[in-house]
Amino acid sequence: MEHVEFEDSDVRREADRLAEAYVGSSKNVGLAVGLITGDDCRWLAYGETARGSSQKPDANTMFEIGSITKVFTAALLAEMAGRGEVRLDQPVAELLPPEVRVPSYRGAPITLAHLAEHTSALPRLPGNFWPTVTDEANPYRDYQPSHLHEYLTNATIGFPPGTGESYSNLGAGLLGHALALRAGKPFEELLAERILHPLGLVDTAITLSDNQAARLAPGHTVKGEPTANWDIPTLAGAGALRSSIAEMLSFLRSNLNPPDTPAGAALRTCQAPRPMAWRGRIGIGALHGVGLAAAALLITWLAPPSPGSMWLMVLAYLPVLVAMTWKGFWSGVWAAAGMAIGGLMLWSSWSAWGPVVISLLCFLVGAGGASGYLPPRSRVRLGWQESALRPGGTALWHNGMTGGYSSFIGFTPGSQVGVAVLSNSANSVDAIGMGLLRSLQKPANAADE
């Protein structure tokens, strides 16, 4: 890709401001930024490929892209579903060896789509992951398929799949593993055959050639110290890919204008919103929450605390916090409702109990917003995360992070605007990516008007 300089523009100034603030920190080393606006596809370089090298990254400098791999894994699922080799609603258990028991919730199975949407209810990492780590600088290296199968056979999940989001490296890694088993070939080979090569991506891979390895920028920890690259053999679908800014821009271009091929159809499938039955999760832990509230109210009845006292606040919050920790956010909501209604009945005085009720309501709104439960999300995508942009528009994006790298890609469907950011430091580049996406979106909105 030819390096085309931006004209003097607000977007270029914003890119320089954000990127130079990032590489200006002693903890960060190098940064490559790619921007798409209509027919223009440009890239910018900041910092160094290695500390002290004075060499800026170029369009073909390789980086680990971490969890952006999940978008490619979801596309692989959609491509195989388009061929009829799997179904989006197919239980993942059907693709695994018969001796592996995949957890379900009261008979509701985890499907392949649930894994790609992060609605499977599986945890971020398997419970037996850390005991397998022999090198903290390369933590996934020793986690084997046997460990994954053992974990699944003994695991449980806390809510019905498809009723709530819970980001899971385990889920995405399991998806890649299951698709590889169904196809009868290694995940890396299958992904290259079905998605990477059909989209013209020849510099995106897990195993690097000698030429690619020579172009790999050394990774650095969040403190700016050199660190090892990650090897992810079993959960590769969650974050094993390496790529360049040129390839990320090509991938974004394919998403903005999907080709008329099976791989292009898969990209369109991944962008389509899918319903999430979040209401099915509200009743989880209701009895536990109400029961905890009843116990706390019994204590206030037997030993009434003084209005406005710290003891009263402790009794009000304790069942809510215990319910949330035990059965999740909605259980905490039930506990808070029980405390509010029961407290008003016991105290029969808004002046005595009202401040507690208002405090609990503010706490729930803050906790629900911070954890993503409020406002309730009614739709998800295969692989992509979704965020509203200001002013206007919806961004589909994903970030990535490994021990020595961070990354971001995002675009706004229908606007021909996209951003890619790759760094060989483990400090997040999300603010750069989202900031530039907003900056690019403004002239796109103005042009539409």
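Rings of Phe, Tyr and Trp (its six-membered ring) are taken to pair if their centres lie within 6.5 Å, with planes under 30 degrees apart counted as stacked, over 60 as edge-to-face and the rest as tilted. The model is predicted, and local features need pLDDT of at least 70, side-chain atom pairs counting only at pLDDT 80 or more, while totals for chains, interfaces and linings use all residues. Residues are numbered from 1 along each chain as its sequence is written, and side-chain values use heavy atoms, with hydrogens and water left out.

The whole structure holds 12 aromatic pairs. In one of them, Tyr317 and Phe363, the ring centres are 5.5 Å apart and the planes stand at 75°, so the pair is edge-to-face. Tyr317 belongs to helix H11 and Phe363 to helix H13 (residues 350-371), 46 residues apart; helices (H or I, at least four residues) and strands (E, at least two) are DSSP runs, numbered from the N terminus. Tyr317 is buried at 17% relative accessibility, whereas Phe363 is partly exposed at 27% (buried, under 20% relative accessible area; exposed, over 50%; partly exposed, in between; 1.4 Å probe, protein chains only).

The rings of Trp397 and Phe408 are stacked, with centres 6.1 Å apart and planes at 15°. Trp397 lies in strand S8 (residues 394-401) and Phe408 in strand S9 (residues 406-412), so the pair ties together parts 11 residues apart in sequence. Both Trp397 and Phe408 are buried. Elsewhere, ring pairs link Phe129, Trp130, Tyr140, Tyr143 and Trp230 into a cluster.
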